[in-house]
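Biologist: I'd like to go through this protein with you, one question at a time. Could you start with the terms?

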Amino acid sequence: MLPQRLKKTITDNPKKLANLIDLVNLPSPVREFVGQSQISRLGCFMRVWSYIKENNLQDPNNKNLVNCDEKLRSILLGKSRVELAELPALIKLHFPKVPK
């Protein structure tokens, strides 16, 4: 069951969903992190999020911050701390723009 907001987005602009779920050939830093040569942007975000949770990288005092280890830093532009709100934008940088 999809949330109402997502349903509206899909019906209004199906290309937005396609940009999230289409498989893309990954650049080498992300390929090494994910362990696959192709993945969707949504799948990549989910892998990064599960890595953060498995390795307890969220700041214990402020859950909106992620303390990056070396592996995570390699795909997040070398940043040592990242806000959760920044994650999708930083991951999106690794995915090529699809021509309209």
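Modeller: Rings of Phe, Tyr and Trp (its six-membered ring) pair if their centres lie within 6.5 Å; planes under 30 degrees apart count as stacked, over 60 as edge-to-face and the rest as tilted. By the way, this is a predicted model, where local features need pLDDT of at least 70, side-chain atom pairs count only at pLDDT 80 or more, and totals for chains, interfaces and linings use all residues. Residues are numbered from 1 along each chain as its sequence is written, and side-chain values use heavy atoms, leaving out hydrogens and water.

Biologist: How many aromatic pairs does the structure hold?

Modeller: Going by that ring rule, the count is 1.

Biologist: Are F33 and Y51 buried or exposed?

Modeller: Buried means under 20% relative accessible area, exposed over 50%, and partly exposed in between (1.4 Å probe, protein chains only). On that scale, both F33 and Y51 are buried.

Biologist: And P88, what does it count as?

Modeller: P88 belongs to helix α6 (residues 87-92). Because its relative accessibility is 41%, P88 counts as partly exposed.

How values were computed
Helices (H or I, at least four residues) and strands (E, at least two) are DSSP runs, numbered from the N terminus.
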